[in-house]
Amino acid sequence: QVQLVESGGGLVQAGGSLRLSCAASGRAFSTYAMGWFRQAPGKEREFVAAISWSGGFTTYPDSVKGRFTISRDNAKNTVYLQMNSLKPEDTAVYYCAASRNLGIAPSTSSLYNDWGQGTQVTVSS
């Protein structure tokens, strides 16, 4: 129901920071929970962060907790992922996703309905 376009990926040295953006279409953006996932070559898609429709609840896996922050600006139909203290193991294609699920912030990829094309993040050692 929404179209998503990621941007902000690139090459960064270990310990550096990067901010990803996801621009969404449609007036219903504020009713969707939003999430970020990533996938490295030869590995399964991994949950990174999620935020409720109101922005009042966020959740992260232990692998990024304390380093990554998800936020949203419903007036701009945009969700962000601020990534600090980046590590080489963070290297992956990062995908933005929208969920119509009744859960406030799903962490399972199957609960997301719409996906962006992805943006590459490469962290050098």
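Modeller: Please bear in mind that the model is predicted. Asp90 sits in the loop that runs between strand S8 (78-83) and strand S9 (92-99). Its relative accessible area is 0%, so Asp90 counts as buried, the cut-off being under 20%.

Side chains of opposite charge can pair when their charged atoms come close. With Arg38, the side chain of Asp90 forms a salt bridge at 2.9 Å, N to O. Arg38 belongs to strand S4, whereas Asp90 lies in the loop between S8 and S9, so this pair ties together parts that are 52 residues apart in sequence. Both Arg38 and Asp90 are buried.

A further salt bridge, of 2.8 Å from N to O, links Asp90 with Arg67. Arg67 is found in the loop between strand S6 (58-59) and S7, and the pair therefore ties together parts that are 23 residues apart in sequence. Arg67 is buried as well, with a relative accessibility of 11%.

Through shared partners, salt bridges join Arg38, Glu46, Arg67 and Asp90 into one network. Arg38 has a relative accessible area of 6%, while Glu46 is partly exposed at 28%. The structure as a whole holds five salt bridges.

Key. Residues are numbered from 1 along each chain as its sequence is written. This is a predicted model: local features need pLDDT of at least 70, side-chain atom pairs count only at pLDDT 80 or more; totals for chains, interfaces and linings use all residues. Side-chain values use heavy atoms; hydrogens and water are left out. Helices (H or I, at least four residues) and strands (E, at least two) are DSSP runs, numbered from the N terminus. A salt bridge is a side-chain nitrogen of Lys or Arg within 4 Å of a carboxyl oxygen of Asp or Glu. Buried means under 20% relative accessible area, exposed over 50%, partly exposed in between (1.4 Å probe, protein chains only).
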